[in-house]
Amino acid sequence: MGSQINLLQVVLSSPRTVFTIQSLLMLSGLDDSKRITKSLHYYTNDGKILNPRRGIYTKLKYDVQEMACSLFRPSYISMEYVLQRAGVVFQWDDSITCISYLSRTVEIDNRLYQYRKINPELWIGMEGIEQRDNIAIAIPERAFLDMMYLSSGNCYFDNLRPLSVKIIRELLPLYRSTKLNERVSKLLNIKL
């Protein structure tokens, strides 16, 4: 039980709120994944931590953005979620939209986490993606370009003023898409 006490202390004292077996192996310094799994099941049954999805463990209160970035790796928060908070899209939705290597929708604790698959070549450039603790989130300009890229331009924006045309121009070459260039140029009424 000594390793369980250590493991619980590691979980509770960590600034992270969402964990996987792999992340706990690194954080704890323990090397026995079976023992960690057994300890996690014990603490879940005891009500000290949560197990909202297979392979995912959380503190009793967890950060939903951290959850979004932990469910599928690599992934980052983007599109509607970021644009709503930046004031570009007014229609409010509680779901968290992410870019990842697959397309999925997952519901955890009555919140939807929506993942959209993007071309793996676009993962090379991490420009426009901020990394904070265990959260990767697109800046509004990157979220705008992700949305334009994935929706083939079939999307609506309420207010484009919060977006920097200069930053959009800097990020646009990452996508290597002449069609995206044309859509952005037409929508923003700029020459690229």
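These are my notebook entries on a few places I looked up in this structure.

**Ground rules.** I am working with a predicted model, where local features need pLDDT of at least 70, side-chain atom pairs count only at pLDDT 80 or more, and totals for chains, interfaces and linings use all residues. Residues are numbered from 1 along each chain as its sequence is written, and side-chain values use heavy atoms, with hydrogens and water left out.

**Entry 1: R16.** I began with R16, in the loop between α1 (2–13) and β1 (18–19). Helices (H or I, at least four residues) and strands (E, at least two) are DSSP runs, numbered from the N terminus. What does R16 touch, leaving out residues up to four places away in sequence? I found V11, S23, L27, K59, E66, R73 and N134; contact here means heavy atoms within 4.5 Å.

**Entry 2: helix α4.** E66, one of the residues R16 touches, took me to α4, where E66 is buried. Buried means under 20% relative accessible area, with a 1.4 Å probe and protein chains only. At the start of α4, I saw a side-chain oxygen of D63 within 2.7 Å of the backbone nitrogen of Q65.

**Entry 3: a three-stranded sheet.** Next I followed β1 into an open sheet with the order β1-β3-β2 and antiparallel pairing. Strands β1 and β2 (50–53) are at the edges with a single partner strand each, so one side of each has no neighbour in the sheet. β1 and β3 (residues 56–58) are joined by two bridges, and two strands pair if DSSP finds at least two bridges between them. F19 is opposite Y57 in β3.

**Entry 4: the β8 and β9 hairpin.** Strand β8 (residues 129–132) runs antiparallel to β9, with four bridges joining them. I129 is opposite A138 in β9. There are two residues between the strands, and D133 takes a positive phi near 50 degrees. Which faces of β9 (residues 135–138) are covered? Both are: I135 and I137 on one side, and A136 and A138 on the other, are all buried.

Definitions and conventions:
Buried < 20%, exposed > 50% of the residue type's maximum accessible area, 1.4 Å probe, protein only. Polar contact = N/O pair within 3.5 Å; in protein donor to acceptor, adjacent residues only side chain to side chain.
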